[in-house]
Each structure stands twice: as structure tokens, then as C-alpha cells.
Amino acid sequence: MATTARSLTEPARQTPITGDYDVVVLGGGPAGLAAAAAAGQHGRSVLLIERYGFLGGMGTAAGVTNFCGLHANVHGDIRQVVHGVADDLLARLDRLGGLNPPHLVFGKILAQAYDTAAYKCAADDLLLSHKVDILFHALATGVVMDSERRIKALLTETKSGRSAILGRVFVDASGDGDLAAFAGARFEKGDANGDTLYPTMMFRLNGVDAAKAGEAWRSIPLLMDEAEKRGVKFPRKGAIVRPQKHSIEWRVNVTQIKNAQGRAVDGSDAAELSQGEIEGRRQAMAFFDYLRREAPGFADAYVVDIPPQLGVRETRRIVGPYQLTADDVVNCASFDDTIGVNGWPIENHAAGDVIWRWPDIPGSRGFNHLPYRMLLPQTADGHVYDNLLVAGRCASMTHEGQSAARVSGGCFVMGQAAGTAAHLSLAGNGAVADIPLQMLQDTLAGDGVYLGRDVA
Ligand SMILES: Cc1cc2nc3c(=O)[nH]c(=O)nc-3n(C[C@H](O)[C@H](O)[C@H](O)COP(=O)(O)OP(=O)(O)OC[C@H]3O[C@@H](n4cnc5c(N)ncnc54)[C@H](O)[C@@H]3O)c2cc1C
């Protein structure tokens, strides 16, 4: 929001302590879900705090409805490389009838669509099965520190008032690095010019005639190219228009939201977000109007859902002892402290376009390791925290590295590692940065995680 010199002093107050947990996880997206499930699975008392009334993060709140990054193209053989907690969630989604078979993207990789309602229910069940407590409708607003490197409590605002929740280890899976920023951790935003990946307002259509639409994900971008020659303007190239589980329902990923200066809307700025929500809905309706008029199969369709929030791809990225880079992704880097793998390429949502960069396919193994060091936030003077981990799209990556590993698959991997590391730290193995790596990797592998060390 625009800064102002005006301020006032609030009265000091006593804040009630409403919880005391081994592990406190902020955020119910793929990273938070996996972190909470992993810590719960190892018998820790866990609270997951989420500002909405449902889980899934951008996957539900922003209408993403599609998993990327679960697979890699390993020397020409496309296989699932993210397992562990993700397998449990996928099985629950499938049992609810809400999971598509994987579909091919650019002939190179697989993605897998799902129904939003099924994801919400499957995620509830997943966490309850591991005895995780969930506090919905709670916005985290600050921390109380024990020392410069140790967090004592997370502060939340709810309809019942302000409260403090004590924890022994905290996992920041807020996507925006809120918890780490409250604790004073180092972070970056955007590229060298401060430009983040552009946000998108997703929307879904119902009443599509799938037979007439055919392979619309191929034909619509070509139709758009022709329309542009006639002077029609679109927010960006690279439209993704694809069917969900039931072929009458399609998702549309095409909008691109700028601020008043023409730069990507900052998803951690309340005023810009507010303007972005309105502009996102305007663009959604304008593109729907185009589809209805010009794309075969869409004449009788209607907009069945504009999701609760604008889809935010990138805000704060925490700076840990290692930042995953674009070179790591494209060159399929290996790390001794691997906690799992990312097989999704660079997907840079730049002004007016989506720019893809892939590892050599089929020459390479098609995935990079994700190092544990990505999950360790640092204080302003470069010390790692004793009891704070970060997982998901706000973990330690460069702007371009984040454009790949931010997708759901990488977030599940980071989340499961963070929850497991929290458990091991509490099991008498020291601060989160000091737990024995071999123990972390053996525990993850025992829980079904693929560490990616068997393929060169
Ligand atoms: C438009 C768009 C399309 C995308 N398409 C795909 C795709 O097709 N496939 C794919 O795999 N990925 C896709 N992604 C990326 C992917 O959805 C996200 O990067 C991923 O969800 C990030 O997971 P996360 O757990 O790190 O954070 P998030 O999913 O952002 O979850 C963070 C959670 O924390 C909560 N939270 C945040 N701050 C607070 C607070 N202070 N207090 C309480 N709760 C808080 C939020 O409500 C949210 O539920 C897309 C993203 C966007 C925006």
C-alpha cells in the first residue's frame, strides 16, 4: 500500500495464548499441507493456520485446478517423480472422483487436473488422518521472538480476536513468506528490477461442447494470433484452455494483471491486490466474450466460477544459504542435501507472454534436486534460525529458479521435507539446520519420497 507518514500508537495489550504445539504451519497450500501431514504422520502435535475456510492454497483459492511438477521427462520416459504425501492426496482425490488422468503438455511433460471441491475435501481428510489441528479463518499478523534466532509464538487475528499460538518449530508455507518476514528474515522480490512473475485471474467455464471444441488448447492460441492481426488485443500469449474431469467444464488461464505503472501487480500489496482483483475479473469476462464469439464449442458456455482470489505466482522469496537458480533447473543440478526433485521447466510469466526453458529432452534426466538449504531462512546478519523452516513458492530460489520449482510438485516436496525436518529437530537432533542430513534423507525415503539419486 502507499506509505504514509501518518501513524498512531496502539495501546499495549495482553494477548491470550490459544494454542501450544510441537509444529505450527502457516498456510494450507501444497507446501503447508505436506508439511503438516509429514509432521503429524511422525506423531507431532501440529496446528495448520489458514486465512480461508478451506485448504489447497492457490490450487483452490486461485482456481488453479491442475497439478504441475509431479512428473519429469527422464531421458524420454515421462514418469511421476513426486510421491510421499502427494501420493496420499492424489489417491484421496481419485476416490472422490475428482482427478483427471495426466495430460501431455507441449509433448514433453505431464500435468494432472482436478476438481476444486474434491481437492478441498481430500485435503481436509489428509490432515485429519494425521491428527493435524486446523485453524481456518485465521490471518497470521506477527511473531513474538524468544531471541533473534528463535520464534516463540505466532500471532493471529480471527473473528474471536487476537491470539498467540506457541510452537517449538514453525513452518512458513504462506507462499508470501509472511512468517519469515515477521521474524526479520532476509527476502527478495522479483528479478533484478524488482519485477515479479505476473499474476493471473483464472476462471472456469461450464456448458462447453467438447466435441466441437476439439483440441482447443492447440487451436485457440492460433485463433488468437489471427485475431491479433485484426487488431484484437489480449492480455498475454500462451492461453491455456483445457477440460477438467467432466468434459463440459474447462479452465481458462490467460489473463495477466498489471499495476498502474504497467508492472506485475505485487501480491503482497493490499492496494495493488484490490485493483488486481477487479481488473482480473474484467479481463476474464472480456476473454470469455471472445471465446463465445469465435472459438468452436464455446457458444453456449457460461462462466461457472471466478475464484476467491487473484492467482499470485511470486512475492517474497526468502534468501537461505542456497538459492535454486535457472541454471540448476535447466542443467538438472544434483545436490548432496537433496530432499526430492523438480521436473518442471522454467515458466516465466513475463510481460505479455509466458517464456519456457527446458532441460535437454531426452538427453538429460529432466529433473533437478531440491536442496535442504532452500528451506532455511536467515536473519538480516546471515544466521539461520533455530526453529523456522520455509517451504513452497516463497522458499530460497532466484526469480527464474522459482518460476519452475514454485509449481505444486516442488511445493509438495519442500513441504514434506520441512515437516519431517521439524519432527527430527524435535526428536533431539538440534536446531533445524543441524539435523543429520542422512537421517533426514533416510526418513524421507522411508516415507516414499523420491530423492532422485539413481539417475545421472
Ligand atoms: C494463475 C496461476 C496458475 C498456476 N498454474 C499452476 C498449474 O497449472 N499447476 C501447478 O502445479 N501450479 C500452478 N501454479 C503455481 C501453484 O499453484 C503455486 O505456486 C502453489 O500453489 C504454491 O504453493 P504454496 O503452498 O507455496 O503457496 P500457496 O498455494 O500460495 O498457499 C499459501 C497459503 O497460505 C495462506 N496464507 C498466506 N498468508 C497467510 C497469512 N498471513 N495468514 C494465514 N494464511 C495465510 C494462503 O491463504 C494460502 O492458502 C499456478 C499459480 C497461479 C497463480
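Student: Before we start on this predicted model, what do buried, partly exposed and exposed mean here?

Tutor: It comes down to relative accessible area, with a 1.4 Å probe and protein chains only. Buried is under 20%, and partly exposed is in between. Exposed is over 50%.

Student: Then is His137 buried or exposed?

Tutor: Find it first: His137 sits in the loop between strand S8 (133-135) and strand S9 (139-147). Its relative accessibility is 54%. The cut-off for exposed is over 50%, so His137 counts as exposed.

Student: What is the phi of His137?

Tutor: His137 is not a glycine, yet its phi is positive. The value is about 55 degrees.

Student: What does Thr65 touch, leaving out residues up to four places away in sequence?

Tutor: Gly59 is on the list, and so are Ala113, Tyr114 and Thr116. Thr65 also touches Arg204, Gln244 and Arg251.

Student: Let's follow Gln244, then. Where is it found?

Tutor: Gln244 is buried, since its relative accessible area is 4% and the cut-off is under 20%. As for the place, look between two strands: Gln244 is in the loop between strand S14 (240-243) and strand S15 (250-253).

Student: Which side chain does the side chain of Gln244 join in a polar contact of 2.8 Å?

Tutor: Keep two contacts apart here. The side chain of Gln244 reaches a backbone oxygen, that of Tyr114, at 3.0 Å. Among the residues Gln244 touches are Thr65, Asn100, Asp115, Glu249 and Trp250. The side-chain partner at 2.8 Å is Arg251.

Student: On to Arg316. Is it buried or exposed?

Tutor: Arg316 is in strand S17 (residues 316-318). Its relative accessibility is 15%. Since the cut-off is under 20%, Arg316 counts as buried.

Student: How many residues apart in sequence are Arg316 and Gly177?

Tutor: In space the two are 5.7 Å apart, C-alpha to C-alpha. Arg316 also touches Gly177, along with others including Gly175, Ala181, Phe187, Ser268 and Arg393. Along the sequence, though, Arg316 and Gly177 are separated by 139 residues.

Student: Which side chain makes a polar contact with the side chain of Arg316?

Tutor: Again there's a backbone contact to set aside: the side chain of Arg316 reaches the backbone oxygen of Asp176 at 2.7 Å. The side-chain contact is at 2.9 Å, and the partner is Asp178.

Student: Now the ligand. Which residues come nearest to it?

Tutor: There are 34 residues around the ligand. One polar side-chain atom lies 2.6 Å from a ligand oxygen, and it belongs to Glu50. The nearest residues are Glu50, Arg51, Asn66, Arg406 and Ser408.

Student: Which residue has a backbone N or O atom 2.9 Å from a nitrogen atom of the ligand?

Tutor: Watch the ligand atom type. A polar backbone atom of Met58 is also at 2.9 Å, but from an oxygen atom of the ligand. For the ligand nitrogen, the residue is Ala140.

Student: What is the volume of the largest cavity?

Tutor: The structure holds 1 cavity of 30 Å³ or more. Strand S18 (338-342) and helix H11 (408-429) each give two or more residues to its lining. That lining divides into 8 nonpolar, 3 polar and no charged residues. The volume is about 50 Å³.

Student: And how much space lies in the second largest pocket?

Tutor: Its lining has 14 residues, and the closest to the centre are Thr18, Leu135, Thr158, Ser160 and Ser163. Strands S1 (17-26), S10 (150-158) and S11 (161-172) each supply at least two lining residues. By type, the lining has 5 nonpolar, 8 polar and 1 charged. The space is about 180 Å³.

Student: Last one: which residue does a cis peptide bond join to Ile361?

Tutor: Omega is about 10 degrees for this bond.

Technical notes
Residues are numbered from 1 along each chain as its sequence is written. This is a predicted model: local features need pLDDT of at least 70, side-chain atom pairs count only at pLDDT 80 or more; totals for chains, interfaces and linings use all residues. Side-chain values use heavy atoms; hydrogens and water are left out. On a 1 Å grid over the protein atoms alone, a cavity is a set of points where a 1.4 Å probe fits but cannot get out, and a pocket is an open set with protein on both sides within 12 Å along at least five of seven lines; lining residues have an atom within 4 Å of a point. Grid points are joined across faces, edges and corners, and a volume is the space filled by probe spheres set on the points. Helices (H or I, at least four residues) and strands (E, at least two) are DSSP runs, numbered from the N terminus. Ala, Val, Leu, Ile, Met, Phe, Trp, Tyr, Cys and Pro count as nonpolar, Asp, Glu, Lys and Arg as charged, and the others, Gly among them, as polar. A polar contact is a pair of N or O atoms within 3.5 Å; within protein, one must be able to donate a hydrogen and the other to accept it, and residues adjacent in sequence count only if both atoms are side-chain atoms. Contact means heavy atoms within 4.5 Å. A residue is near a molecule or strand if one of its heavy atoms lies within 4 Å of it.
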